[in-house]
Protein chains: 2
Amino acid sequence: MGIFSADIETMDDLFLHQLRDIYYAEKQIVKALPDMIAKATSEPLRQAFESHLDETHGQIARLEQVFDLLGQEASGTDCPAIDGIIEEANEISSDVADDNVLNAALAAAAQAVEHYEISRYGTLVAWGQELDREDCARLLRETLEEEKAADRKLTDLAEERLNQAA
Amino acid sequence: MGIFSADIETMDDLFLHQLRDIYYAEKQIVKALPDMIAKATSEPLRQAFESHLDETHGQIARLEQVFDLLGQEASGTDCPAIDGIIEEANEISSDVADDNVLNAALAAAAQAVEHYEISRYGTLVAWGQELDREDCARLLRETLEEEKAADRKLTDLAEERLNQAA
């Protein structure tokens, strides 16, 4: 945030700031996912990443609709949290040679991303309701449900690994 | 990770690396929470942070038990993800003057922290089971349940705000 932070005086400002934070985060995720898709050697994991990349484009479009409903320009603001999460994902996936271990590390990194998004969209839905903007909250809730489903899919894949190991 | 990353060859290495990541993260959270407690003006929020600070000390002790069970030294490794999440929490909470808006921002920041932990402990429990270390998985599962309860508590507080606003 930095330079814009002094503008946060009301819940409307905070809502808008958080929208810009997650807008930036989604755009970073769109940049990071192709590398994760390229590295994943498990076919179900690769498919889960590909389908999430498609979904992420839709989530960005949905955020643009929310900015539009608020009469605000769609723009991002620095989000050190997602930068850190993606940095960690890149570091670990660059340094694991074994396929099985790499797939596990990639899936875990993706779940950290999903949980960041679940937390941010959960907050945005609550604040949208608090501000009586059900039009915005409804769109944000659609994305929240997609993020939860994406996280559950990764948990299912981890459980399948476990059953195969057993 | 950086310098240690070349050591990740097996699932055991990855498990240990992730333990060191969350051990570092918990220690950073212990450093960050007193500032959040000092800034919170909502009494229920302050109490939720204080109780989570107590819990975090217990979670660190539990991680030390896990290191001990594995015959490994308890040590942390850099975790850019938690650094980014805490940096964002500090930035936003430094720049909001209104009490109500500040409490909302602090609660949202804490939920981002909780979700990072939920994702990491969820992964650690799954990997502990995969590696047939139910002794470790059991301890990690206890912390996972505490993190989920802490997140639910913050969601409940946000819903109370909403009902008050309605």
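Mentor: Contact here means heavy atoms within 4.5 Å, and by that criterion Thr143(B) touches Glu26(B), Gln59(B), Arg62(B) and Tyr121(B), residues up to four places away in sequence being left out. This is a predicted model, in which local features need pLDDT of at least 70 and side-chain atom pairs count only at pLDDT 80 or more, while totals for chains, interfaces and linings use all residues. Residues are numbered from 1 along each chain as its sequence is written, chains are lettered from A and ligands numbered from 1 in the order in which they are written, and side-chain values use heavy atoms, with hydrogens and water left out.

Trainee: Why is Thr143(B) called buried?

Mentor: Thr143(B), which is found in helix α5 of chain B, has a relative accessible area of 1%; since buried means under 20%, exposed over 50% and partly exposed in between (1.4 Å probe, protein chains only), Thr143(B) is buried.

Trainee: What makes Asp132(A) exposed, and where is Asp132(A) found?

Mentor: Its relative accessible area is 69%, so Asp132(A) counts as exposed, and it is found in the loop between α4 (99–130) and α5 (134–165) of chain A. Asp132(A) also has a positive phi of about 65 degrees although it is not a glycine. In chain B, Asp132(B) likewise lies in the loop between α4 and α5, has a phi near 65 degrees, and is exposed at 70% relative accessibility.

Trainee: How do you know that Arg62(A) forms a salt bridge with Glu142(A)?

Mentor: A salt bridge is a side-chain nitrogen of Lys or Arg within 4 Å of a carboxyl oxygen of Asp or Glu, and the closest N and O atoms of Arg62(A) and Glu142(A) are 3.4 Å apart, so the pair meets the criterion. Arg62(A) lies in helix α2 and Glu142(A) in helix α5 of chain A, so the pair ties together parts that are 80 residues apart in sequence. Arg62(A) is buried at 13% relative accessible area, whereas Glu142(A) is partly exposed at 40%.

Trainee: What separates Glu50(A) and Arg46(A) along helix α2 of chain A?

Mentor: They are 4 residues apart in that helix (residues 43–69), and are therefore separated by about one helical turn.

Trainee: Why are the two copies described as related by a two-fold rotation axis?

Mentor: Chain B can be laid on chain A with an RMSD of 0.0 Å by a turn of 180 degrees and a shift of 0.0 Å along the axis, and the copies are thus related as by a two-fold rotation axis. The same surface serves both copies, as 100% of the contact residues of chain B recur in chain A.

Trainee: How many residues does the contact take from chain B and from chain A?

Mentor: Each chain contributes 44 residues, and the count between chain B and chain A is 2 salt bridges. The elements giving two or more residues to the side of chain B that touches chain A are α1 (11–39), α3 (80–94), α4 (99–130) and α5 (134–165) of chain B, and the largest share, 18 residues, comes from α4(B).

Conventions. Copies are superposed by least squares on the C-alpha atoms of residues with pLDDT of at least 70 in both.
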